[in-house]
Amino acid sequence: MTIAVCPGSYDPVTSGHLDVIERCASFFDTVHVVVAVNSAKTPLFGEQERVEMIRQALDADGYPQITVASTTGLITDYCLQVGASVIVKGLRQNGDYEAELGMALVNRDLAGVETLFLPADPLREHISSTIVKDVARHGGSIDGMVPDSVVQKLTTILKTERAENG
C-alpha cells in the first residue's frame, strides 16, 4: 500500500489545495493531509479549526482514503509514523519550486522520504491562502477560491478581527 502526505499550513484551505489533494488521492492508496503547525507563524485559524475545514471540504467530495490530521513536529517524523514514502506538494509558480526544493532535499536526508511536486491547475495557480485572506479583508469576493464553508468562517473571523482592532 502506498501512503502519501500532503502537508501545509492550510490557513485557510483553498480550492487550489483541494485540487492537489484530490489529484494526489488518484495516485496513492492512502493520503494524509497534514496541517503543519509552525510556531514561527501566527495563523488566522486555529489548528483544529483548519483540520475541520479540510475534513468538511473533503467529506462533501467523498474521499474515504484521505485522513486529515495535524502535527507540531517535523513532517518527516509524521511520515515515518504513518509509513508514508512520499510527500506531495503543489507548485504554483517558479518561486514555489525554489522554496520547496530545499525542504525536499532536507526531508530526503532526514528520513529518506521523497517529495513529489504536482503543478497547480492553471485556473487555480494564482490562489493562495494569503491572497484569499487579503481579498476577504478588503471586502472582495472569495467565492470559488475556497469552499463555501470556508467563506462563511473567514467572513466571521475577519468581522471579529475588525471589531477587536476597531
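These questions and answers walk through one predicted model, from overall fold to single contacts.

The model is predicted: local features need pLDDT of at least 70, side-chain atom pairs count only at pLDDT 80 or more, and totals for chains, interfaces and linings use all residues. Residues are numbered from 1 along each chain as its sequence is written, and side-chain values use heavy atoms, with hydrogens and water left out.

Trainee: In what order do the elements of the protein chain run from the N terminus on?
Mentor: Helices (H or I, at least four residues) and strands (E, at least two) are DSSP runs, numbered from the N terminus. The chain has 6 helices and 5 strands. Their order is β-α-β-α-β-α-β-α-β-α-α.

Trainee: What is the radius of gyration of the protein chain?
Mentor: The radius is taken over C-alpha atoms, and the globule rule is 2.2 Å times the number of residues to the power 0.38. For 166 residues the rule gives 15 Å. The chain comes close to that, so it is as compact as a globular protein of that length; its radius of gyration is 16 Å.

Trainee: How many of the 11 residues of helix α1 are buried?
Mentor: Buried means under 20% relative accessible area, exposed over 50%, partly exposed in between (1.4 Å probe, protein chains only). Cover for the buried residues of α1 includes β1, β2, α2, β3, β4 and β5. Helix α1 spans residues 15-25 and is largely enclosed by the rest of the structure, because the buried count is 8.

Trainee: Which residue caps the N-terminal end of α1?
Mentor: Look for a polar contact, a pair of N or O atoms within 3.5 Å; within protein, one must be able to donate a hydrogen and the other to accept it, and residues adjacent in sequence count only if both atoms are side-chain atoms. Here a side-chain oxygen lies 3.2 Å from the backbone nitrogen of Gly 16. The capping residue is Thr 14.

Trainee: What separates Glu 52 and Arg 55 along helix α2?
Mentor: Their side chains meet in a salt bridge of 2.8 Å, N to O. Glu 52 is partly exposed at 40%, and so is Arg 55 at 31%. They sit 3 residues apart, so the separation is about one helical turn.

Trainee: Is Ser 129 buried or exposed?
Mentor: Ser 129 lies in helix α5. Contact means heavy atoms within 4.5 Å, and Ser 129 touches Tyr 10, Asp 11, Pro 12, Thr 14 and His 17, not counting residues up to four places away in sequence. At 11% relative accessibility, Ser 129 is buried.

Trainee: Which peptide bond is cis?
Mentor: Pro 12 is in the loop between β1 and α1. Omega is about 0° at the bond between Asp 11 and Pro 12.

How values were computed:
A salt bridge is a side-chain nitrogen of Lys or Arg within 4 Å of a carboxyl oxygen of Asp or Glu.
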